[in-house]
Amino acid sequence: MNKEKVLITGASSGIGLTCAIYLTYKGYKVIGTSRHPEKLNNDLLKNRYLEMLTKYTITHLKSSQETLVKGKIQIPDEIFENLDNLIEKIEFKPLDVTNSNSVSEIIPLLMAEGVRIIVNNAGSGFFGPIETLSIDHSKEQLDLNYFGQIRVIQNALPYMRNDGGIIVNMASLGGYIPLPFHSHYSSSKSALRMLTETLRLELQPFNIKVVSLNPGVINTPFNVNMHTPKAGSGPDSYDYQEENSITTLKKLLNALPTPKESPYYSAAKQTWETVVRNMIRGPSPQIVAEKLYKIITSKNPKVHYISSNFIQRFGYFLMRRITSDKLKIFITRKFYGI
Ligand SMILES: NC(=O)c1ccc[n+]([C@@H]2O[C@H](COP(=O)([O-])OP(=O)(O)OC[C@H]3O[C@@H](n4cnc5c(N)ncnc54)[C@H](OP(=O)(O)O)[C@@H]3O)[C@@H](O)[C@H]2O)c1
């Protein structure tokens with residue numbers, strides 16, 4: 001059985017957790033990271049995973065009776081039956097990709113232990129109008145979603161140059177298509193795609209493959225963990241056990257970080273509500289995990305991959321290949337109802 005070691009940053013939740021479970025199931029030794037591994041336990045991880053892998057529909061859409069209806073859990077039987085065992089096998093290490101000391105403490109150790117497959121997945125979104133997001137806040141977004149990945153890569157490369165390996169950067173369809181009120185998020189993911197291409201050029205002689213994996217809208221706690229400019233919000237302020245749930249629809253819909261007095265309030269509200277509803281009804285992160293497996297087992301992976309449902313892929317195709325930029329902005333505004 002394959003015992004290759006894989007590092008997945010941000011494996012405590014969402015796409016990272018699902019990839020960690022799937023690759024463990026496929027026989028890899030997975031080392032996952034979290035800023036707070038001491039707060040994780042197997043039951044918490046299992047609940048988060050099962051919640052994301054559950055199909056949800058929304059009835060009475062946008063009315064006062066709007067209700068989230070829980071459907072089936074969509075997991076291959078072999079994973080469901082072995083879930084406790086698979087989660088138990090994932091090794092968690094502390095890592096904050098925005099902290100250079102944290103990265104340089106842990107990454108060289110893991111590389112010295114033989115990690116040659118890195119999934120740069122840690123990341124988050126910042127929501128708000130460009131006009132009112134402070135420059136410091138905007139820098140934080142790039143620090144997490146772009147410089148954070150560079151910190152990991154810089155610490156890993158000295159160990160990979162002799163043996164080769166693969167680096168998968170978790171970018172986003174939002175890096176191709178502008179998302180209103182997610183300007184710095186979209187920009188950070190665009191930058192990550194370009195970084196991927198440049199690294200691919202530079203690292204070719206060392207047999208290190210660099211790939212970007214671009215999910216569409218996927219059902220994860222991404223919105224719950226969204227950074228907002230409100231005082232006291234952000235990743236360390238929520239109750240890790242209680243609040244990290246994607247099923248509190250009404251609470252999430254009401255969590256719009258843009259204040260009522262903002263001139264952007266109405267458009268921000270429309271966008272926020274569209275994003276929240278679409279994410280809960282979106283495909284499960286299992287499709288991303290399966291794409292990741294395809295990438296790391298490919299002899300000659302492409303530079304960029306997309307992972308989404310058919311409608312999102314079709315929309316992406318239309319936006320990228322057929323329409324003009326002006327039409328692209330028009331369609332995006334229509335889609336978000338702004
Ligand atoms: N969900 C989507 O629709 C979607 C679409 C496209 C791309 N993506 C990308 O996929 C990745 C995972 O997102 P997700 O949807 O799975 O969101 P999520 O459930 O909120 O997971 C985010 C992960 O990142 C970790 N993280 C956050 N800040 C960190 C930091 N400073 N240092 C290290 N780790 C940090 C979190 O771990 P701790 O809190 O335990 O530290 C968590 O495990 C992100 O890069 C996101 O941009 C998501």
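In which loop is Ile75 found? I looked this up and found Ile75 in the loop between S4 and helix H3 (77–81), where helices (H or I, at least four residues) and strands (E, at least two) are DSSP runs numbered from the N terminus.

I note that this is a predicted model, in which local features need pLDDT of at least 70 and side-chain atom pairs count only at pLDDT 80 or more, while totals for chains, interfaces and linings use all residues. Residues are numbered from 1 along each chain as its sequence is written.

**Ile75, continued**

I recorded Ile75 as buried because it has 20 C-beta neighbours inside 10 Å; by the cut-offs I used, a residue is buried if 20 or more other C-beta atoms lie within 10 Å of its own, exposed if 12 or fewer, and partly exposed in between, with C-beta atoms placed from the backbone. Leaving aside its neighbours within four places in sequence, Ile75 is in contact with Leu53 and Phe80, contact being counted if the C-beta atoms of two residues, placed from the backbone, lie within 7 Å. I also found that the C-alpha atoms of Ile75 and Thr54 are separated by 8.6 Å, although the two are 21 residues apart along the chain.

**Positive phi values**

I looked next at Lys62, which is not a glycine and yet has a positive phi of about 65°. Lys62 lies in the loop between strand S3 (54–59) and strand S4 (67–73), and I count it as exposed because it has 9 C-beta neighbours inside 10 Å. Phe181, also a residue other than glycine, has a positive phi near 65°, and I found it in the loop between strand S7 (165–170) and helix H7 (183–203). Phe181 is buried, since 25 other C-beta atoms lie within 10 Å.

**Helices H1 and H2**

I then checked how H1 (residues 14–25) and H2 (residues 42–52) pack, and noted an angle of about 100° with the axes 10 Å apart; axes are lines fitted to C-alpha atoms, for helices over the stretch in contact, and angles run from 0 to 180 degrees between N-to-C directions. H1 and H2 are therefore roughly perpendicular to each other, a term for angles of 65 to 115 degrees, whereas those under 35 count as roughly parallel, those over 145 as roughly antiparallel and the rest as oblique. The contact is made by Gly14, Leu17, Thr18 and Ile21 of H1 and by Leu45, Arg48, Tyr49 and Met52 of H2.

**Ligand shell**

I listed 31 residues around the ligand, of which the closest are Gly10, Gly14, Ser34, Ala122 and Gly123; a residue is near a molecule if its C-beta atom, placed from the backbone, lies within 6 Å of it. H1 gives the largest share of this shell, three residues.

**Nonpolar cores**

I found 60 residues in the largest nonpolar core, where Cys19, Ala20, Val119 and Leu292 touch the most other members; such a core is a set of buried Ala, Val, Leu, Ile, Met, Phe, Trp, Tyr and Cys residues joined through C-beta atoms within 7 Å. H1 supplies the largest share of this core, eight residues. Apart from it lies another core, of 15 residues, among them Phe222, Leu252, Ala268 and Trp272.

**Ser266**

Ser266 and Gly337 are 71 residues apart in sequence and 10.0 Å apart in space, C-alpha to C-alpha.
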